[in-house]
Amino acid sequence: MTVQDLPPNFDQLLNRLIDSQLSETEFEELEQYLIAHPQARQTYFDYLDINTGIQESNVERLKQLDQIVTAETYQSKPSSKYSDVAPKGKLLSVFKYVAVAAASVALMLSIDWYMTGRIYLEKKPVAATAIDLPYVATLSRANDCVWGADNPPLFSGQRLLSNELYLEQGVAEFRFDSGVRLVLEGPTRINIDSANSATVDSGSVVLHGYEAAPEFELITPQAKFFDIGTEYGTKVAEDGSTELHVFEGQVRIQPIEGIVKDDPNNLVLNAGEARHIDQKGDAAIVLKPQDFKHEVPGKTKNLKVVREELIAYDSFHPEKIIAPKETSNWRQAGVGWKNSWRKQLNGSEPARGLSHPQKTLQPQLLSPHQSGCIELGGGQSAWRSLKKPIRLDTDAIYYISFFIQKKSGPKTSGNLYGNFSFQTIDQSDSNKKILFGITSENYPILHYNLQHVERAPPLSEDKPYFFVGKIVASKDSPDQVFLRAFSGEETIPDQEPLVWTCTSDPFRDSTTFECIRLYAGKSSKYLFDELRIGTSWESVVNFQDPDDMPEGD
Amino acid sequence: MSTPTSLTDQNDRGMFTSLLNRERLRIFGYIRALVPHNPDAEDVYQHVCLTLWNKFSEFDQERDFFSWACGIAFFTVCNFRRSAQRDRHFFNQELIETMSMERMHHLSNHNIRLELLQDCFNSLGAADQELLLQATFEKQSIKEFAEKAGKTVQTLYNRLSTLRRELAQCILRKLKSEGPSS
């Protein structure tokens, strides 16, 4: 068949493909032509090359894309076992951020020196610095776990560096930053090599592939396994012999020793197949999915524990409704606070803001003491001090949750933002805060010192959103902050979710945040409700009134 | 002071960057043929670059970098397809496998064909050159361009088909007369 013999509408289909205008039916038709006619495939290749060849910007575009690995500032490639992988498309922004942050700091120092004549560095050093990306995974779930070896994980939600871990007993789930999940059943020895690779020395592991992730490399003493959209289990005995059971998708096996062919596809095992591999060779065995823990067993946390993990809570419920009801006193409610809501950090004047004593942003009231929310607007602030501060100088994890709703109003050019923030008593550095909120353009925003992370799409006005923030604090390792914005239509998961709306770059900081602030921009009006600060996911997403939970001994 | 490790890393990076500079167009060309939607192909390309760098210590420098990269790209495309097939156009696995081998072969003389394309493209009239450039401008559909140009979409598609076919034939003619055959 020649080009002239191709079906008359083939060119038309190619045009529409390149123009991204193909319908489902047209795509199937094109696919059939490509399957049936070798000449159609050659023509397709030719057209693609013509298209990309005449785009002068094509090379620059590709350079931009591969800059994540070719840029000089990219951190060292791991020599072998211990490697770091940057999240997709992220590194470039990190470089930009560091460069901008450095330039900003330099500019601030210059201005400060010029204006005051003092040398800024004589002051207490700025604690926070953006750093490279050493974290590769999160201990997402753990059930009855006993850890051995050095530097064991301390709590669920902890971020993990490349590390050797020994799970003596229990079941744990690691979620790698590439999206892949590993479920371990003790006793298991594992090395977390990178966001995309782990080495199992012994034990039992189930891997859940992640659609968008590149191949995950699981190294065992006998072979390396590469997932192809997979769920599979592997058991590694003390003598190194290895079993591979493929539950879904395919797994490519690459022997550690032996002849590695040029073709990277040495052996592909399909769903429903299993193999035993040892030094003598490999042999098919019976698939036994029942021999593996596929997920960490769900376990509802004792309410007493949840209550203990709650650091502070405010329902904004006024004790008494007075006339007019908006003036009801909402400033003393809740637990875990040193004082009532104030207008200024160091003042004694009560915070302004209206009470809506019979309104709630929570989908369902679980207690009459939860009715009531507050409205701030016109540049109003409300400050309150925590009995137990948020410390970044120690190994800890904190969660914060609250409802927030932006009220629609006349459009102005700016000052339409509203937020919650952790603040320090020392206000000499206005950037020293961790902030979760909504921008003037309605984007959810996470703000840590000089980092601003905003995410599209914009949130709707006049609709309540449930914000959950997570702060990973570490004494010797970097800290990191996350924000997830839930809409009213979403179910709040019992366990920490896979996907966050905004994630900060890791940073090193040792600040202690003693107080919090609610704020609404000068031209805005915001409602806030049900504020919780705790040390576990459950403690801030359990909507029960803490007064109804059993107290600890 | 640089450590021996960092020097090795620098050497590795230098070697890797040099190989990627030489082959990035062909690697992307390979991926682009297997992934019908350009933004998806760019996404896959970025994943492939990351994987190539992370596995670079395993690369046998006696081997052809492009072939090695295509091996990794193939599996990355397969992974990507599994996630994309539900909501986007994606070729079936059998076609991907068939095209994978053919495309690698097709790209063996890609650099020569690229040079010849420039010659052929330059020989076109200004209006035809403009039409082709506009048609490949990613942020604009032919429909939008047709509206601006006051022509029908079908007219432009027909002309584009003719031009692409002429360019392909022009390259083939020049290959036969000037360069080694593919």
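**A walk through the contacts**

Guide: Let us begin with Glu309(A), which, once its neighbours within four places in sequence are set aside, is in contact with Lys301(A), Ile533(A), Gly534(A), Thr535(A), Ser536(A) and Ser539(A). Please keep in mind that this is a predicted model.

Visitor: Okay, and where is Glu309(A) found?

Guide: Glu309(A) belongs to helix 6 of chain A, which covers residues 303-309.

Visitor: Is Glu309(A) buried or exposed?

Guide: Glu309(A) counts as buried, because its relative accessibility is 15% and the cut-off for buried is under 20%.

Visitor: Switching to rings, how many aromatic pairs are there over all chains?

Guide: The structure holds 37 aromatic pairs over all chains. One of them is formed by Trp500(A) and Trp537(A), an edge-to-face pair with 6.1 Å centre to centre and 85° between the planes. This pair links distant parts of the chain, since Trp500(A) is in the loop between strand 23 (480-486) and strand 24 (502-503) of chain A, while Trp537(A) is in helix 7 (residues 537-541) of chain A, 37 residues apart. Both Trp500(A) and Trp537(A) are buried.

Visitor: What about Phe28(B) and Tyr45(B)?

Guide: Phe28(B) and Tyr45(B) also form an edge-to-face pair, with 5.8 Å centre to centre and 90° between the planes. Here Phe28(B) lies in helix 1 (residues 4-34) of chain B and Tyr45(B) in helix 2 (residues 38-54) of chain B, 17 residues apart, and the pair links distant parts of the chain. Phe28(B) is buried, as is Tyr45(B).

Visitor: Which residues do ring pairs link into a cluster?

Guide: Ring pairs join Tyr399(A), Phe403(A), Phe466(A), Phe482(A), Phe486(A), Trp500(A), Trp537(A) and Phe543(A) into a cluster.

Visitor: And which ring does the charged end of Arg26(B) sit over?

Guide: The charged end of Arg26(B) sits over the ring of Phe66(B), at 4.0 Å from its centre, and in chain A, Lys235(A) lies over the face of Phe292(A), 4.5 Å from the ring centre.

Visitor: Last topic, which residues are buried in helix 4 of chain B?

Guide: In helix 4 of chain B, the buried residues are Leu95(B), Ile96(B), Met99(B), Ser100(B), Arg103(B) and His106(B). An α-helix has 3.6 residues a turn, so residues three or four places apart point the same way.

Visitor: How far apart are the end C-alpha atoms of that helix?

Guide: The end C-alpha atoms of helix 4 (residues 93-106) of chain B are 19 Å apart, which agrees with the 20 Å that its 14 residues should span at 1.5 Å a residue. At the start of this helix, a side-chain oxygen of Asn92(B) comes to within 3.1 Å of the backbone nitrogen of Glu94(B).

Notes
Residues numbered from 1 in each chain as written. Chains lettered and ligands numbered in written order. Predicted model: local features only at pLDDT ≥ 70, side-chain atom pairs only at ≥ 80, totals over all residues. Heavy atoms only, no water. Helix = DSSP H or I, 4+ residues; strand = E, 2+ residues; numbered from the N terminus. Expected span 1.5 Å × (residues − 1). Buried < 20%, exposed > 50% of the residue type's maximum accessible area, 1.4 Å probe, protein only. Polar contact = N/O pair within 3.5 Å; in protein donor to acceptor, adjacent residues only side chain to side chain. Phe/Tyr/Trp six-rings, centres within 6.5 Å; stacked < 30°, edge-to-face > 60°. Lys NZ or Arg CZ within 6 Å of the ring centre and 35° of its normal. Contact = heavy atoms within 4.5 Å.
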